Amino acid sequence: MTKGIKLENKKIKLLTSDQRAMSFDEESLSMNKMRKKDSANTKNKSATNSPKNIPTKASRSKSTPAFTSESLQTKKLHHILQLNSEDEKIANIHKVLSKSRKVLVLTGAGISCNAGIPDFRSSDGLYNLVKREHPNVSLGSGKEMFDISLFRDELKISVWATFMEKLYSSCKLAKPTKTHKFIAHLKNRGKLLRCYTQNIDGLEEMLGLELSSEQPVEEIFTKGNKVSQESSTLVRQNSFTSFSNAKWKNYDVVQLHGDLNKLSCTRCFHVFNWSRYWARSFRRGELPVCPHCENIQLKRLEQGKRVIDHHGMLRPNIVLYGENHPSGDVISQGLNLDILRGKPDFFIIMGTSLKVDGVKKVVRQVSKQVHERGGLVILINKSSVGDSTWNGCIDYQIWEDCDEWVSFLNDQQPDFFKTQKEVDKLRQLKREASELRKQKLVEKRKAKEQESLKTPPTTPIRDENKGKIMRPVSSDSSIASSLSSSDSDSDSDSGNRKHLQSLKRKLLPPSKSQTSTKKLKLNLKEVVISDAESDEDPAMSLSGQLYIKKETRTLTSTSSS
């Protein structure tokens, strides 16, 4: 008994799950293993027995599209040789492009061929053109005319100067192509994140796009003997060497290889605009002297300082092979900013064969980030780029001219080429149409309510056999016909009512006894019946007779009582 009492006084504490796990391993027990196996088997059976095609609640609530941009991604470079409107892949790619928000574009010389500017590596390109025009110059390939090593040979410098002047004049006569306008359209729609171009023609500036080479210039008046023929010369220091987030966001087009429309000094690196005098000197095969360096020499002479023999020479502000890129650090920082913060979801490469090493790195970096965000990478070019090097980076290559692809895209997706004003107008019209529909529904409901209130009640009809008043159920058409027929008789009824009221006032004087008033009412009814018979109104006479019979019965019953 004492032991039982002690046990009853003790408080039993249950172990928690953590304490039980620390005390022993539940999974090692055979019973628990058997239970887990049974539960797993039941889950598998229920999964197999359940129908697969029945959508869940989440799938019902969210309508899944027929395709996604991730499903269009490829592990190997897929080639599209022809633009066919019936091809589903091309249609799906264009749909993804139209729905994209941040498009990053990389362009090459192929987008300017239709403007009259030759590319570099084709049979009619600049490399072969240089060799044809200057057969006396020993050139292994035309690529040597765009290498920094040409400044070691004076003959190559003169050939290069004349060639650059011709290229500059052709760029001035050229006009933007459909591809350039497509890039400007992306900017106007707010879809262009950035355009990186290898071109040096600067045709994008004609369409209002902000170029990376365009910086505020300061005006300096040069007083040299030769430069005095010009009124003034615009000059600036190359400010594209320092990175700034605010400046970078304002750039629409980043020129990777410089700008042919500007001249830079080989010594002080000041940048100038072209002038007629300098264009003539280039045409003669001579590089003009830098006016900024000449001003420094004049100041040193006035101050009595030692004169520096070496002057800077002006050359087109482009980046040659083997030359350190003056704004390479700025471009790399801006590219990282576009990739991380810009979040591009579509990457278009147009008119380039991807032979330059720096451009290859840009493509790999951008394509990796675009694929991670579920976007696509497409290449529009008519020459091969090598499948093995670009598998996993580029999804599709379209073997077509860039302008023809843009026109085909315009035919397939016409809404994508509408201006932002047109898109805003369409949205406003849709909103107004939806508001009008809502107003019409409200007006219809109000009209129905008013019609239900306006419908008159059915008129009572007395049953001649039983003497009871019946309220017949009539249709709307019968009510309308009765109303139209009753309108003609309304004037006669109002006249009869007035006549009855006047007789009541004359024949019913005020009295206290009920019997006397009833007798007077009977007399009144008799008078009314006589008037109705004289007027040949059977309904009035019959109703009066029935009333007289009823009232006489009540009078006899009251008198007998």
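D252 is buried, at 9% relative accessible area. Buried means under 20% relative accessible area, exposed over 50%, and partly exposed in between, using a 1.4 Å probe and protein chains only. D252 pairs with K187 in a salt bridge, 3.2 Å from N to O. K187 sits in helix α8 (residues 178–188) and D252 in the loop between α9 (245–250) and β6 (253–255), so the pair ties together parts that are 65 residues apart in sequence. K187 is partly exposed, with a relative accessible area of 38%.

The model is predicted: local features need pLDDT of at least 70, side-chain atom pairs count only at pLDDT 80 or more, and totals for chains, interfaces and linings use all residues. Residues are numbered from 1 along each chain as its sequence is written, and side-chain values use heavy atoms, with hydrogens and water left out.

**Salt bridges**

A salt bridge here is a side-chain nitrogen of Lys or Arg within 4 Å of a carboxyl oxygen of Asp or Glu. By this rule the count comes to 6.

| Pair | N to O | Separation in sequence |
|---|---|---|
| R283 and E165 | 3.2 Å | 118 residues |
| K187 and D252 | 3.2 Å | 65 residues |

Take R283 and E165, which form a salt bridge. R283 belongs to helix α10 (residues 276–283) and E165 to helix α7, so this pair joins parts 118 residues apart in sequence. Helices (H or I, at least four residues) and strands (E, at least two) are DSSP runs, numbered from the N terminus. R283 counts as exposed, at 52% relative accessibility. E165 counts as buried, at 8%.

Is D338 buried or exposed? D338 is buried, with a relative accessible area of 2%. R194 is buried too, at 6%.

**A helix crossing**

Two packed helices are described by the angle between their axes and the distance between the axes. Helix α6 (residues 126–133) and helix α7 (residues 154–173) have axes that come within 12 Å and cross at roughly 125°. That makes α6 oblique to α7. Axes are lines fitted to C-alpha atoms, for helices over the stretch in contact, and angles run from 0 to 180 degrees between N-to-C directions. Angles under 35 degrees count as roughly parallel, over 145 as roughly antiparallel, 65 to 115 as roughly perpendicular, and the rest as oblique. The α6 and α7 crossing is right-handed. Right-handed means that the near helix is turned clockwise from the far one by less than a right angle.

**Positive phi**

F269 is not a glycine, yet has a positive phi of about 65°. F269 lies in the loop between β7 (258–265) and β8 (270–273). F269 is exposed, at 55% relative accessible area.

L354 is not a glycine either, and has a positive phi of about 60°. Its place is the loop between β10 (346–350) and α13 (357–372). L354 is buried, with a relative accessible area of 2%.

**A surface patch**

Which residues form a nonpolar patch on the surface? They are L298, L301 and V307, with about 250 Å² of accessible area together. Patches are made of residues with over 30% relative accessible area and no salt bridge; like charges are joined within 9 Å, nonpolar side chains (Val, Leu, Ile, Met, Phe, Trp, Tyr) within 5 Å. Accessible areas come from the Shrake-Rupley method with a 1.4 Å probe; for residues, only the protein chains shown count as cover. L298 lies in helix α11 (residues 291–303). L298 is partly exposed, at 40%.
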